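Welcome! Please take a moment to look over the protein below before reading on.

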Amino acid sequence: MSNELLQFLFFVVAVSAGWLAGYCYRPRSGKKDTDTSSSYYKGLNYLLSEQPDAAVMTVINDLPVNLETLPTHLALGNLLRSKGEVDGAIRVHQNLLSRPSLPREKLHQVHLELARDYISAGVLDRAERLLKDVVDESEVFRADALEHLQHIYQTEREWDHAIAVALRRLPPRSWLKKAPVAEPADRRVERALSHFYCEKAQLLLAEHNYKGAIAALQSARQFDRDNVRAYMLSANIALKQNKPELALDLLHTAIDRQAAFSSEMLPLFREAFARFSGRDAYLDALLGIAKNTESSAFIIEAAELMAAKDGSELTLQYLLDAARQRPTLGLLAKVLEQPAAGSGQTLELVQGVLLKLRAERPAYRCRQCGFSGQKLHWLCPSCEQWGTITPIRGTQGD
């Protein structure tokens, strides 16, 4: 069953419940009941006939606003927003705010729904003002309002504001006791917070403010010790400050925590070793990391150094052993590239096909929603979760 159909069924149930509640509990006056019933069916008919404007006006003009009918009004507004009829949703929710008879907490709920309308319409400044009021005045809807505020600041790339809101969303910590294991929702906030600090660090790096960037990245690693982005940025700063040993320590820690990102760290690893030691030490380090992570990128890098040092036969044997243990398109293409592997048009054709397949396959996938692509995004373009996209491991991966 599609989401749109589910939403519609939910609306029909809400409308029916609202009308029945109003019918059962409203003082009896035959003409009024008849008018309300008539407006209910008229509005539903307009909605079924794909006439949202007429449905909105019918509900606004004819359906009374009280505690019994409020769910009906809210359901209509939410349905209109989900169908892209944002102007209609705004009119429904603004009509509710013009009725001071509603309890204060219900008005806060309407403020929250109107803020969602404005976010959908791209009017973020109005949404921000409404959400700040909800945060200050409503205990019940504060968490939802903070979540939407965080999304607004993230969209506008206002990282200091995003950090401040994310910190408010986390439960207080006792530094005298061991912190409890974070709930999944809190874990998502911590992961987002870590990336907000990374975004802030990148801005500071562009201004050559290394001290500020280092402090921001320390906070990023504090909130998410598995955030490989924070380690890579820290290693990059260490290289700019001519501290290759520190860069290597950071990269080794990152590889231990997130082996799937080994190929992303290889360029920094290469640069750090070029400043720190000779080719033999670099080869030994590559072989050790390749063995522990089974990263095709490190195996291929080691093979290229081996070819220059020990010749093609040992290199081919090393690649064959690695490909048997974990076959990937990259390794197979590298095997066929070796002089000792043979020659001829057949090998050239196979190698060309493998390289083409490797170039066309998605290299990254979101573990949250399954989005895949050839570019690494720290924020998933599909589900908008931070740090959920990782390199694909397997025959077609690294």
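Keep in mind that the model is predicted.

H208 has a phi near 60 degrees, which is a positive value in a residue other than glycine. N242 also has a phi near 60 degrees, again positive and again in a residue other than glycine.

**A helix on the inside**

Now turn to helix α18, which spans residues 329-337. How many of its nine residues are buried? Seven of them are, so the helix is largely enclosed by the rest of the structure. The buried residues in α18 are L329, G330, L331, A333, K334, V335 and L336. Notice that a lysine, K334, is among them.

In soluble globular proteins, nonpolar side chains tend to be buried together. The largest nonpolar core in this model has 46 residues, and M265, F269, L286 and F298 touch the most other members. Elements that give two or more residues to this core are α12, α13, α14 (262-276), α15 (279-293), α16 (296-310), α17 (312-325), α18 and the strand β1 (364-366). Which element gives the largest share? It is α16, with eight residues.

You can follow F298 as an example. Leaving aside residues up to four places away in sequence, F298 touches I255, S262, L266, F269, L286, I289 and A290. There is also a second, separate core of 42 residues, which includes V86, Y118, L170 and L233.

**A pocket to explore**

Finally, find the second largest pocket, which holds about 350 Å³ of space. Its lining has 15 residues, and E147, Q150, R169, E384 and Q385 lie nearest the centre of the pocket. Helices α8 (142-155) and α10 each supply at least two residues of the lining. What kinds of residues make up this lining? It divides into five nonpolar, five polar and five charged residues.

Key: Residues numbered from 1 in each chain as written. Predicted model: local features only at pLDDT ≥ 70, side-chain atom pairs only at ≥ 80, totals over all residues. Heavy atoms only, no water. Buried < 20%, exposed > 50% of the residue type's maximum accessible area, 1.4 Å probe, protein only. Helix = DSSP H or I, 4+ residues; strand = E, 2+ residues; numbered from the N terminus. Core = buried A, V, L, I, M, F, W, Y, C linked by side-chain atoms within 4.5 Å. Contact = heavy atoms within 4.5 Å. 1 Å grid on protein atoms, 1.4 Å probe; cavity = no way out; pocket = protein on both sides within 12 Å on 5 of 7 lines; lining within 4 Å. Points joined across faces, edges and corners; volume = space filled by probe spheres on them. Nonpolar A, V, L, I, M, F, W, Y, C, P; charged D, E, K, R; others polar.
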